[in-house]
Amino acid sequence: KKKARESCSLPESSWEERLANAVTPLWRLPYQEQLQVKYESQRKILQTLASRLEELGIDAQQPGGLCCPLQPVVPSPIINGYRNKSTFSVNRGPDGNPKTVGLYVGTGRERNIVCVKANHLENIPSKHKQVAQCYEEFICRSPLDSCILFHEGGHWRELVVRTTSCGHTMAIITFHPQELGQEALATQKALLKEFFTCGPGAICALTSLYFQESTMTRCSHEQSPFQLLHGAPHIFEELLGLKFRISPDAFFQVNTAGAEVLYQAVGKLCQATGDTVLLDICCGTGTIGLSLAHRVSKVIGVEVVEKAIEDAEWNAAFNGISNCEFHSGKAEAVLPQLLASWEDAQPLVAVVNPSRAGLHYRVVRAIRNCRSIRRLLYISCKPEGEAMRNFLELCCPPDPRKKLAGEPFAPVLAVPFDMFPHTVHCELVLLFTR
């Protein structure tokens with residue numbers, strides 16, 4: 001409690017306090033109290049799911065009005081500085097500096113956005129803050145403006161910093177080219193490289209420095225390639241005794257130590273045996289499937305980001321894992337084809353770990369209609385959002401109009417994991433069986 005009181009030393013209603021309240025709203029609470037807050041929020045989500053299932057004529061009421069038993073929130077092994085990836089914006093700061101590198105307070109809708117430096121935030125590691133400070137120093141020296149609104153011009157935009165427990169640091173700088181020609185772009189890239197290798201930015205000791213020309217809010221590598229200005233093309237992470245290669249835009253759980261705890265629990269909940277095939281949907285760089293490959297006969301991974309699939313295949317080969325196959329493409333396009341020809345004799349366990357947007361309806365339909373899938377683990381970072389729609393689609397009675405012919409699933413256990421200390425967010429693992 002003493003530490004909690006000391007951490008409340010930000011000036012009242014300062015920009016720093018407002019940012020801390022927006023990004024890490026639980027930062028004032030002792031950690032055990034944070035876990036209790038999250039437990040209550042997950043309990044309400046399961047009560048909501050139980051009510052929605054009742055509306056569909058499904059009796060899913062458990063003690064406390066929950067749809068299934070809820071275990072206590074599994075704590076994060078690391079509470080402060082746990083993020084391995086941070087995205088910093090460039091915009092006007094509280095002092096009016098249009099080249100402030102930080103995080104937003106306010107909203108675009110209200111037109112009151114202010115960019116505040118993140119040096120005081122407890123969830124961001126010091127290395128990320130150091131790279132952000134150096135990037136701000138660089139763009140403040142640059143004669144080119146920051147790009148606050150695309151149509152108003154300007155160039156310097158976001159900074160993404162990724163780090164690993166192996167001591168690697170990757171920086172990805174997003175730049176709006178506007179009307180600049182190739183020669184002018186080459187000059188800016190050369191200046192960036194010089195700053196971070198020979199100039200003040202050399203203190204960051206970057207493993208990789210990437211540059212992306214982007215005319216959109218977000219660009220994939222396919223839309224606008226990541227250009228390596230300096231260092232190695234990948235950084236590496238170690239997880240559960242395996243080594244993983246990470247590309248600039250590949251998904252990797254933001255809390256590495258927390259991910260180890262999560263994946264170990266997923267392995268137990270799968271109850272996979274030597275003849276089981278594990279279907280890893282939204283597999284990213286293959287972390288879940290590869291960490292469980294020794295328990296199953298085969299792993300099949302599906303992922304939309306091509307570079308992540310390249311990483312997954314490299315990861316499998318490097319770690320000497322030969323019973324994995326990975327498919328690149330949208331899950332709604334790949335999965336129905338994979339499952340349409342599935343042999344019913346092979347037991348199949350599915351693990352899905354989608355983004356906040358949840359699973360596409362065609363993915364849910366393919367899972368429902370595959371009789372071999374008797375056990376499904378849904379890992380959700382926002383279970384109260386689009387994932388709730390997926391839960392209902394998985395559990396609703398067969399509906400020929402929606403082509404949901406398969407036997408419905410039922411939720412049997414919920415286990416929340418605190419992957420994001422100081423925030424209100426939780427990673428919920430819901431086990432469904434049929």
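Predicted model: local features only at pLDDT ≥ 70, side-chain atom pairs only at ≥ 80, totals over all residues.
Two strands count as paired here if DSSP finds at least two bridges between them, and the strands themselves are DSSP runs of E with at least two residues, while helices are runs of H or I with at least four, both numbered from the N terminus. Keep that in mind and select strand S6 (residues 208-213) together with S7: they pair in the antiparallel sense over 4 bridges.

Residues are numbered from 1 along each chain as its sequence is written, and side-chain values use heavy atoms, with hydrogens and water left out.

**Stop 1: the sheet around S6 and S7**

Now widen the selection to the whole sheet. It is open, has 7 strands in the order S3-S2-S1-S4-S5-S6-S7, and its pairing is mixed. Strand S3 (114-116) and strand S7 (227-231) sit at the edges with a single partner strand each, so one side of each has no neighbour in the sheet. Look along the sheet and you can follow a twist that averages 35° from one strand to the next (angles run from 0 to 180 degrees between N-to-C directions, and axes are lines fitted to C-alpha atoms, for helices over the stretch in contact).

Helix H2 (residues 15-23) lies across strand S2 (100-105) and S3, at about 60° to S2; contact means heavy atoms within 4.5 Å. Helix H4 (residues 126-141) lies across strand S1 (85-91), S2, strand S4 (156-163) and strand S5 (169-175), and runs at about 155° to S4.

**Stop 2: the other sheet**

Hide that lot and bring up S10 to S16. Here is an open sheet of 7 strands in the order S12-S11-S10-S13-S14-S16-S15, again with mixed pairing. Its edge strands are S12 (324-328) and S15 (410-417), each pairing on one side only. The twist averages 15° from one strand to the next.

Zoom in on strand S10 (residues 277-281) and strand S11 (residues 298-303), which pair in the parallel sense over 5 bridges. Ile281 is a handy one to click, with Val302 of S11 standing opposite.

Next, show helix H8 (residues 306-318): this one lies across S11 and S12, running at about 170° to S12. Helix H11 (residues 386-395) also packs on the sheet, touching strand S14 (373-380), S15 and strand S16 (427-433), and its direction makes about 170° with that of S14.

While you are here, colour residues 275-338, which UniProt lists in an unreviewed entry as "domain: Methyltransferase"; UniProt positions are given in the numbering used here, feature names are shortened, and annotations may be inferred rather than shown by experiment. Over residues 275-338 the chain is 42% helix and 25% strand, with the end C-alpha atoms 18 Å apart.

**Stop 3: helix on helix**

Select helix H9 (residues 331-340) and helix H10 (residues 361-368). Their axes come within 8 Å and cross at roughly 15°, so H9 and H10 are roughly parallel (angles under 35 degrees count as roughly parallel, over 145 as roughly antiparallel, 65 to 115 as roughly perpendicular and the rest as oblique). The crossing is left-handed, meaning that the near helix is turned anticlockwise from the far one by less than a right angle, with clockwise for right-handed. Show side chains for Ala331, Glu332, Leu335, Pro336 and Leu339 of H9 and Arg362, Val363, Ala366 and Ile367 of H10, which make the contact.

Tyr361, Val364, Ile367 and Arg368 in H10 meet Arg389, Asn390, Glu393, Leu394 and Cys395 in H11.

Last stop: helix H3 (residues 31-55) against H11. They pack at about 40°, axes 11 Å apart, and are therefore oblique to each other; the crossing is right-handed. Select Ile45, Thr48, Leu49, Arg52 and Leu53 of H3 with Met388, Phe391, Leu392 and Cys395 of H11 to see the contact.
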